[in-house]
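Here are my notes on this one, point by point.

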Amino acid sequence: MSETIDTIDADKDDVTREPAASADAAGEEKAGGDDILVQEGDIAGDYLERLLDLLDYDGDIDLDVEAGRAIVSIDGGEDLEKLVGPRGTVLEALQELTRLAVQQETGSRSRLMLDIAGWRADRREELKELGRSTAESVLKSGERVRLQPMSPFERKVVHDAVATVSGVTSESEGEDPKRRVVIFAEA
């Protein structure tokens, strides 16, 4: 069984299917789950393509499956930064709307991840560095550090980065939208 990765060109209403890595015998079970994720990506791609058309924005929509979730990214348009908003707030809202569109069609909750203009990928790298450098600072000083409030996506990236530094740990505290990561030395 082989997977495909869809690339949608919003300007041309074209969908290009590219072969992905072929599944091995152990991956056959996973392929059924990936089919559902590919379907989620297709629904999300159609929804986002209609949105771009309504806004008269240019952009290419790429669909992928990674780590058990559908990943949809929009790149290539000059107005796309407006769809990210300050600190990704518009992006987060669009992701939730896209998840709702997928849920409405499939009947089940989606964990789909949306990235626009590479913002989430860039932010992930910034947060990895922040988590690692703060963890190293805490290791040296022994002082507990509370970071600024973050979205669940941002907190997870920071927790993962902190986990790579021996001798420190992290936890989240507070309530959304003011929930933050606290980094401290292990006892």
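1. Housekeeping. This is a predicted model, where local features need pLDDT of at least 70 and side-chain atom pairs count only at pLDDT 80 or more, while totals for chains, interfaces and linings use all residues. Residues are numbered from 1 along each chain as its sequence is written, and side-chain values use heavy atoms, with hydrogens and water left out.

2. Overall layout. The chain has 4 helices and 8 strands (DSSP runs numbered from the N terminus: helices are H or I with at least four residues, strands are E with at least two). Reading from the N terminus, the order is β-β-α-β-β-α-β-α-β-α-β-β. Of the 187 residues, 38% count as buried (buried is under 20% relative accessible area, exposed over 50%, partly exposed in between, with a 1.4 Å probe and protein chains only). Among contacts between residues at least 6 apart in sequence, 58% join residues at least 24 apart.

3. A nonpolar core here is a set of buried Ala, Val, Leu, Ile, Met, Phe, Trp, Tyr and Cys residues joined through side-chain atoms within 4.5 Å. The largest has 21 residues, and those with the most contacts inside it are Leu-52, Ile-61, Val-72, Ile-74, Leu-83, Leu-114 and Ile-116. Two or more residues each come from helix H1 (28-55), strand S3 (60-66), S4, H2 and S5, with H1 giving the largest share, 5 residues. There is also a second, separate core of 14 residues, including Ala-135, Val-138, Met-150 and Val-168. As background, nonpolar side chains tend to be buried together in soluble globular proteins.

4. Beyond four places in sequence, Leu-94 touches Leu-51, Leu-83, Leu-114 and Ile-116.

5. Is H4 enclosed or open to the outside? Since 8 of its 11 residues are buried, H4 is largely enclosed by the rest of the structure. The buried ones are Phe-153, Glu-154, Arg-155, Val-157, Val-158, His-159, Ala-161 and Val-162. They pack against S5, H3, strand S6 (145-149), strand S7 (168-173) and strand S8 (180-185).

6. A buried arginine. Arg-155 is found in helix H4 and counts as buried at 7% relative accessibility. Which side chain does the side chain of Arg-155 make a polar contact with? That of Asp-176, at 3.2 Å (a polar contact is a pair of N or O atoms within 3.5 Å; within protein, one must be able to donate a hydrogen and the other to accept it, and residues adjacent in sequence count only if both atoms are side-chain atoms). Setting aside neighbours within four places, Arg-155 is in contact with Met-150, Ser-172, Asp-176, Arg-179, Arg-180 and Val-181.

7. Thr-134, in helix H3, is buried too, with a relative accessible area of 10%. A polar atom of the Thr-134 side chain lies 2.7 Å from the backbone oxygen of Leu-130. Apart from neighbours within four places in sequence, Thr-134 is in contact with Val-145, Leu-147 and Ile-183.

8. The largest pocket. On a 1 Å grid over the protein atoms alone, a pocket is an open set of points where a 1.4 Å probe fits, with protein on both sides within 12 Å along at least five of seven lines; lining residues have an atom within 4 Å of a point. About 570 Å³ of space lies in the largest pocket (a volume is the space filled by probe spheres set on the points, which are joined across faces, edges and corners). Of its 21 lining residues, the closest to the centre are Arg-69, Met-113, Arg-124, Phe-153 and Lys-156. H4 gives the largest share of the lining, 6 residues. The lining divides into 8 nonpolar, 1 polar and 12 charged (nonpolar is Ala, Val, Leu, Ile, Met, Phe, Trp, Tyr, Cys and Pro; charged is Asp, Glu, Lys and Arg; the others, Gly among them, are polar).

9. The second largest pocket holds about 210 Å³ of space. Its lining includes Trp-119, Glu-154 and Asp-176.

Note on methods. Contact = heavy atoms within 4.5 Å.
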